[in-house]
Amino acid sequence: MPSLAQLSLVLLLGAVFALAAAGKLAAWHELPGVVGNFRVLPQRLVRPVALLLPVAETAIAAGLQVPAARGAAAWGAAALLLVFAAALAINLRRGRREIDCGCFRSDLRQPVSAALVLRNLLLALAALALAAWPSAALPQPVEWLLAPAAAATLLACYLATGLVFRPAPPRYEDNFRAGLDPH
């Protein structure tokens, strides 16, 4: 993989995981409820997974920045993104679109949508590319300047797709019904 592309993906994925971890840590008291609301884990695993999730995201964000740990961090990122995409897809299949995905900050609620599944699959592909095709070449000085700009642009596009394709916020009745649904 060309070093500019690799460095851009490292910065993009690092930013995505760092922002996700920061959002979860800022609302850590809500996180077990968000994880439990996906209804894909046994109840006894919800709290431990909720507590470990921001730790794993922080470790991935940091690991991506260290060349010796980058491969393992990229594999971890891909695995976490694929698991999350699967949890989103399961809830879409169940018709549970009105739940909050738990992405980033709790004040930017994002109901589950096919766009979120696709977004996470694309990020997982980026992480897999980073893991499978490491660059042997050191980035050139110009690449150190271009990669942050490329990563910032990709991150802005990533965040914008969440806003553009975000469904209308759920109504009170939708949330009430979602809380009563045993599935």
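A: α1 and α4 pack at an angle of about 55°, with their axes 12 Å apart (axes are lines fitted to C-alpha atoms over the stretch in contact, and angles run from 0 to 180 degrees between N-to-C directions), and they are therefore oblique to each other. Angles under 35 degrees count as roughly parallel, over 145 as roughly antiparallel, 65 to 115 as roughly perpendicular and the rest as oblique. The contact (heavy atoms within 4.5 Å) brings Gln 6, Val 10 and Phe 17 of α1 against Arg 70, Ala 77, Leu 80 and Leu 81 of α4. By class, these residues are five nonpolar, one polar and one charged, where Asp, Glu, Lys and Arg are charged, Ala, Val, Leu, Ile, Met, Phe, Trp, Tyr, Cys and Pro nonpolar, and the others, with Gly, polar.

The model is predicted, so local features need pLDDT of at least 70 and side-chain atom pairs pLDDT 80 or more, while totals for chains, interfaces and linings use all residues. Residues are numbered from 1 along each chain as its sequence is written, and side-chain values use heavy atoms, without hydrogens or water.

With α3, the axis of α1 comes within 8 Å and the crossing angle is roughly 155°, and the two helices are therefore roughly antiparallel. On the α1 side, Val 10, Leu 13, Gly 14, Phe 17, Ala 18, Ala 20, Ala 21, Lys 24 and Leu 25 take part, and they meet Leu 53, Pro 54, Glu 57, Thr 58, Ile 60, Ala 61 and Leu 64 of α3. That contact divides into twelve nonpolar, two polar and two charged residues.

With α5, the axes come within 10 Å and cross at roughly 130°, an arrangement that is therefore oblique. Here Gln 6, Leu 9, Val 10, Leu 12, Leu 13 and Val 16 of α1 touch Leu 123, Ala 126, Ala 127 and Leu 130 of α5. Nine residues of this contact are nonpolar, one is polar and none is charged.

α1 also takes part in the lining of the largest pocket: α1 (3-26), α2 (31-37), α3 (43-64), α4 (70-93) and α5 (114-132) each supply at least two of its residues, helices being DSSP runs of H or I with at least four residues, numbered from the N terminus. A pocket is an open set of points on a 1 Å grid where a 1.4 Å probe fits, with protein on both sides within 12 Å along at least five of seven lines, and lining residues have an atom within 4 Å of a point. Of the 27 lining residues, Lys 24, Leu 53, Glu 57, Leu 80 and Phe 84 lie nearest the centre of the largest pocket. The lining comprises 22 nonpolar, two polar and three charged residues, and α4 contributes the most, with seven.
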